[in-house]
Amino acid sequence: MSRYAAFVFFLSFGVVSHLSHGIEVKVMNKDKLCLYANLTLSFSVTYEVADNKNKTVSFELPSSASSDDSKCDNTSSILKLSFPDGHSWSVNFSLKDKSYQAENITFVYNLNDSKVFPDSSSNETVTVTTKPDITDVGVNTCYSCKSEDTLIASPLANMTLSDVLIQAFILNGTKSENLTTCSADKPVTPTPTPTHVTNATTVVPATNATTAVPPTTPTPTLPTPTVGNYSFKHDVNSTACLLANFGLRIGFTQNKKYQEVNFDPPTEVSGSCGVDSSELILMSNGINVSLSFYNDTKKFRLHAVNVTLNTSSGIFAQSGANLSLWEAAVGSSYMCNKEQNFTITDLLSIYTFSLHVQPFGVKNGLYSTAEECFLDSDLSFLVPIAVGVALSFLIVLVLISYLIGRRKSRTGYQSV
């Protein structure tokens, strides 16, 4: 590492140029370039407004962004872009041997900024972090990625990078012309199809021959999702304030195609517990699910669902609010062992299996007495019986009416 010690920079400042396709940043030290970046960056954030509703805004990195807080060191560099009213976006890089990588990306946004987040019901500053796929970049090369890359930092915040050109460690003050290209930009070599057949035989089709139709492969049925056990507590020294266990399947329509995917544990679990509202946030394998609960002092219910999926076709994100699902009395839990299907939006549905949830009033980290869903209750078995009895009664009534009408008709003919 001593060969790189010559470019230790303690005092640095940033020069930002705004281009038609994005932003260009030059971090300098004593008139020498130590970090270079040229990229296009946009954000998508979902936040809560009045009446427990959600709103989503999308915005690009503003022209007022500053890179003054960017830094360069012999083993680490920070590209930080700050913009007015408490927002910032930064990437931390680390250098090891002859390559460097991005350790994490941090996005800080201020919900109190009414120009970016109109009608926000919160004034807090939110910090989200994610790890990008920028690894093994040669120390004397620029990382290049023209393709769009959407990073899911949380169920409520996404960021999209494109036209990226970054050199986080510059040895001699001059940006390198050598590139380390991201995998998304590399051409895919198609598998060659054999065209030459030795001793091929020409077959003349017989008259009235039947053309064989290849069998259609049925769409595979997903197995029942694994039931995950989730809990949230304020800190390591407290007991759980929110409990949930369920298997979850997500149905979604993307590019006019309906698909289903199972949400499989293990997951990253976070959330919040409050007097009037609680939230459970689950992240696993490119799927983020946020479940928001509301307490009206008598009953609780699931009132909002937010789902984000990173699919091969891009990012799918949908949220539904003002729901009245999984209702139970405060101080109890809600249980439904049978499969349930809920339509959240026109493009999003969720299926639950072996569901048990308690977002309020958890004592000693244990579930309270459960209120069962209708499908689990004994009454559910009476419904088809009641329907059958009603149909039988209706058939008998129609038959009696028919016989009475026919008898009156025959009596009328006899009196003529």
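Analyst: We go from the whole chain to a single residue. Keep in mind that this is a predicted model.

User: What is the mean pLDDT of the protein?

Analyst: pLDDT is the predictor's confidence in each residue. Here the mean is 82, and 81% of the residues reach 70 or more.

User: Where does pLDDT stay under 50?

Analyst: One such stretch is residues 1-13, for which the model has 37 contacts beyond four places in sequence. Another is residues 193-214, and there the model has zero contacts of that kind.

User: How many helices and strands are there in the protein?

Analyst: The protein has 26 strands and one helix. Of the contacts with a separation of 6 or more, 54% are between residues 24 or more positions apart.

User: How much of the protein counts as buried?

Analyst: Of its 416 residues, 39% do. The accessible surface is about 24,200 Å², and carbon and sulfur atoms hold 53% of that area.

User: Now a single residue. Is Gln254 buried or exposed?

Analyst: Buried means under 20% relative accessible area. Gln254 has 9% relative accessibility, so Gln254 counts as buried. This residue lies in strand E16, which covers residues 242-254.

User: Which residues does Gln254 touch?

Analyst: Leaving out residues up to four places away in sequence, Gln254 touches Gln259, Thr311, Ser313, Gly314, Ile315 and Phe316. With Thr311 there is also a polar contact of 2.8 Å, joining the two side chains.

Definitions and conventions:
Residues numbered from 1 in each chain as written. Predicted model: local features only at pLDDT ≥ 70, side-chain atom pairs only at ≥ 80, totals over all residues. Heavy atoms only, no water. Helix = DSSP H or I, 4+ residues; strand = E, 2+ residues; numbered from the N terminus. Buried < 20%, exposed > 50% of the residue type's maximum accessible area, 1.4 Å probe, protein only. Contact = heavy atoms within 4.5 Å. Areas by Shrake-Rupley, 256 points an atom, 1.4 Å probe, with all protein chains shown as cover. pLDDT = per-residue confidence, 0-100. Polar contact = N/O pair within 3.5 Å; in protein donor to acceptor, adjacent residues only side chain to side chain.
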